Amino acid sequence: MNRWSTVALVAALGVGLAGAQPVTVDPAIAPYTKKRNVSGNLNAIGSDTMNNLMTLWAEAFRKHHPAVRIQVEGKGSSTAPAALIAGTAQLGPMSREMKDSEVDAIVAKYGFEPTAIVTALDVLAVYVHKDNPLRSLSLPELDAIFSKTRRLGFPRDLTTWGQLGLGGEWATKPISLYGRNAASGTYGYFKDHALGGGDFKDTVKEQPGSASVVQGISEDRYGIGYSGIGYVTTGVKALALAKKAGDKAYTPNYEDALSKAYPLSRPLYIYVVQDPRKPVDPLVEEFLHFVLSRQGQEIVIKDGYLPLTGAMVQAERAKLAR
Amino acid sequence: MEAARQRARRRELWAAGVIRTAAFLVLGFTFLLFAYLLLEVIPLLRPARLGSPVQVDGGGGLLQFPAELPNSLWVVGGNGTVRVLPQGDEVQLPEARPPLRAAVADRWGRLLAVVDGQGLQLYRLTLRPTFVGQERRLHLKVSRLGAASEEAVRLLAVGGGAEPLVVGTKGGSTFLWQLRQGTLHPFPLGVGEARVAVVADAGDRVWLSLRRELAVYHAETQELLARAPLSAEATALTLLLGDVTCLVGDASGQVAAFGFYQEGGTYLVERFASFSGPGPVLALAPSPRNKAFAVLRPGLLQVAYLTSRKVLAERSIAPEVRLALAFAPRGERLQAVSPSGFVHHVAVDLGHPEITLRTLFGKVRYEGYRDSSWTWQSTGGSNAFEGKFSLVPLLFGSIKGAFYAMLFSAPLGLLAALYTSQFAPAGFRRWVKPVVELLAGVPSVVVGFVAALVLAPWVAQHLGTVLLALVVLPLVLVGTGWFCELQPRPWQLRLQRRWELPLTLALVALALVLTALVGPWLERQLFPQGLLELLHRAWGVAYDQRNALVTGFALGFAVLPVIFTLAEEALSNVPESLTNAALSLGASRARAAWTVVVPAATPGLVGALLLGFGRAVGETMIVLMASGNAPVLSLSPFSGMRTMAACIAVELPEAAYGETLYRVLLLVALLLFAFTLTTNLVGHHISRSLRARFGVSP
């Protein structure tokens, strides 16, 4: 039975949030209206997390502008800055913020900083096996489970489920750790926000993709791991998280991610190299306007991520208006 | 006839030419690959460089700090202004009452505290490069955060980013000023007059030194968290990026690195590294990009790196330069100031400072670690992360994976080869060889997938049975042989002809079924709380589902065909005349095989094992999926590993071109390449020497 959950996983990929009522786009976000007709080539190189999203946006955008050719390449967030510098891409989708060293390289080439447009939100969930009775964790506990440096100040190392208050057969079982591969945006985000910038334990099993983390946990009764909420399956359970011991724990849902009550949510960016002395390239501008429109944000939901609010869209549009 | 022969000859020549060209092409490509890897790795050796100092007139002032544009800086003047140089515009500090008596900035030049006629003033500075026409200029914004009316304050430090703090001394004791609703409130720290201090970026901790002691205070409660003795009085104090390591420079010329640790609710400050140099330490400055820092001594400027414990570069500087050492915001330039107001800019190029032989292969005590260790953890989420590039866990992982793979595949492969070449009926060999070679054609990603998602959970649930089978199966096989040996000779011969193989297979199947039935029962009887739990409790062995046992088995699957094919070939190449001679002298088949064939074929068998080992070390997909990729240093069959090949596969796609991680991963690739190339060459050479011995054309 268990191994069929892998099949279930494939079926469940891209399904939205666990449990919560369906997420809808903020009615304050205006539908897309063409400013002008554009044509030409648009290249996007960057995040693999956003690969699907970019492709869906590109397909829908081309319905409005059939003369535009869009190529999307998603090998990893780290490929975006290099492509922007080389000029091989106009859009750099990234699932993390650009590192200072990457910004340095762009400034060295162009003389100005890149512009980061927030296009969607992603929520990271901490998963355990579906049979695990645990319901919630605090961030310091999570840190003590995953990290050898325990920067968030939990007094001792956590290695068995019993130390988290589970009884019965769980009490003496060691915790089996799953994580994303080093250098993925998810890995870096988790390190900074759940481990306080500290180091992972050497025993974390690094999986080459978000889906394989969830797969691993659904096959490992004593496993725990982190991955995007879009990858949830019936074989795993997403834990509620509290910022500090004793605080209220929140499940990963849209409202609590927006209000930051749930601590692990991150923006998904598209970086563009926009010379502040010049008007925005019309093709790039049209595309980003589409992404920040109601249609664009509906695609975000369809792909398993969370849409921006009206106010956030306003702020992002303001970055383009010059 | 003659024409046909000539045509055949021409065709032969042509074919030989093509083959030779192809061989040279392969050789050429291998060489090119090697050269490419080498060229990408060599820049790791690029030394750090400090440019020669460029001197500009800073026009006096209380404080100078480097800014983002080339050779730009801002200067706090005694008249209560901040001037941006070289562009020359000036901003008045709001509500400051000149003349200013002192000014101090945080490590990154974002907060500024000044002492004016009234007391203490705190400002936040934002400097952003903008375009004015085609020219890039710095736009300076100053906002006033708060003030306190104090007299005769000596400023020591300001910092804390979002929750700013000021540290200073007054009337012989040390105070902390916290910002609450626009007012700075003083809180005594309950010690004497500190000489130097630094505030953590998170605004949670204050480090200071007085007399021969280093102390850490909690900012909110002013509670002393920990302290440590110093060997000499501190002259400079700073925190490296990330606020984990505090550097203390003293008059004896030593720079010591102290770490802050918490253990079971108590705190501890401990020295874990030191750097020495000529002359007293005048100033220290941390890099905003990594774990590098600058040290200013009389007439000498040095740049050192924490992880490698190395002074990367040094440059002599005018001896009167004694002040205001700081890195520019992007870490590419250092600035120091002489009392006469002359500013010295020094360009900094660090190279790849975290890579030395010691950090690659030796034990290092990293920031926040209580012990030195071999650790591989290459990436973090921000610049404050200290890269850990020890290759030892990767080398260990590769060898561990290959070892467990050989544990499965070597006995199986060699014995199967021996059986096929010496004992099996003639027809058997004809179909078993292609089948085993077909096995080699199974895509390794499929093997890895099955191992990780089907085999690994299954083994975890039935560990007792699996271990029992590992003991029972060899015993059954040996036992069967022994039983046959005991039978009278005619019976033996009859058995050998017809029933040997079916009988053995049947017995193995029977043993497996029995093990599967008895195993769980036996496990319940022997280990009532479960075997995994016993392992954990009695020996502290954590059973990981993705472990060396599972990986070794899956990897063995990939290696088996290599070993089998080559060993079988080696054994079959032993001339039949040798075996026949032994048999005619009355030796049994087994005896002939053991004493004549195996010794004669030994080099070939060794070659087969070496090539199998090389294949196991280089295999990527199976290990990537089944091993868990955890860079642990444990020999246990129940823990995972991270091999060189899997590490490259996992990390290279996300490594930015030219950065340290990228080059280190290519160094790993180079090591892997050299290793497999060597084992393959040696393996082939040994096999060939065997063929030559028996006059078989290679």
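**Exercise 1. Characterise the interface of chain A and chain B.**

Solution. Chain A and chain B bury about 4200 Å² between them, 47% of it on carbon and sulfur atoms; buried area is the accessible area (1.4 Å probe) that two parts lose on being put together, summed over both. The model is predicted: local features need pLDDT of at least 70, side-chain atom pairs count only at pLDDT 80 or more, and totals for chains, interfaces and linings use all residues. Residues are numbered from 1 along each chain as its sequence is written, chains are lettered from A and ligands numbered from 1 in the order in which they are written, and side-chain values use heavy atoms, with hydrogens and water left out.

Step 1. In contact (heavy atoms within 4.5 Å) are 53 residues of chain A and 47 residues of chain B.

Step 2. The rule finds eight salt bridges across this interface, where a salt bridge is a side-chain nitrogen of Lys or Arg within 4 Å of a carboxyl oxygen of Asp or Glu. Lys388(B) and Asp199(A) form a salt bridge through their side chains, at 2.6 Å from N to O.

Step 3. At least two residues of the side of chain A that touches chain B come from each of helix 4 (100-110), strand 6 (176-180), helix 6 (185-194), strand 7 (205-207) and helix 7 (210-219) of chain A. Helices (H or I, at least four residues) and strands (E, at least two) are DSSP runs, numbered from the N terminus. Helix 4 of chain A supplies the largest share of that side, five residues.

**Exercise 2. Describe the open sheet 3-4-5-6 of chain B.**

Solution. Step 1. The four strands, in the order 3-4-5-6, pair antiparallel; two strands pair if DSSP finds at least two bridges between them.

Step 2. Strand 3 (63-66) and strand 6 (90-92) of chain B are at the edges, each with a single partner strand, so one side of each has no neighbour in the sheet.

Step 3. Strand 4 (residues 73-76) and strand 5 (residues 81-85) of chain B are joined by four bridges. Val75(B) has Arg83(B), in strand 5 of chain B, as its bridge partner.

**Exercise 3. Identify the backbone features at Pro86(B), Pro99(B) and Gln222(B).**

Solution. Step 1. Most residues other than glycine have a negative phi, and most peptide bonds are trans.

Step 2. The peptide bond from Leu85(B) to Pro86(B) is cis, with omega near 0 degrees; Pro86(B) lies in the loop between strand 5 and strand 6 of chain B.

Step 3. The peptide bond from Pro98(B) to Pro99(B) is cis, with omega near 0 degrees, and Pro99(B) lies in the loop between strand 6 and strand 7 (102-105) of chain B.

Step 4. Gln222(B), in the loop between strand 17 (213-218) and strand 18 (224-229) of chain B, has a positive phi, near 55 degrees.
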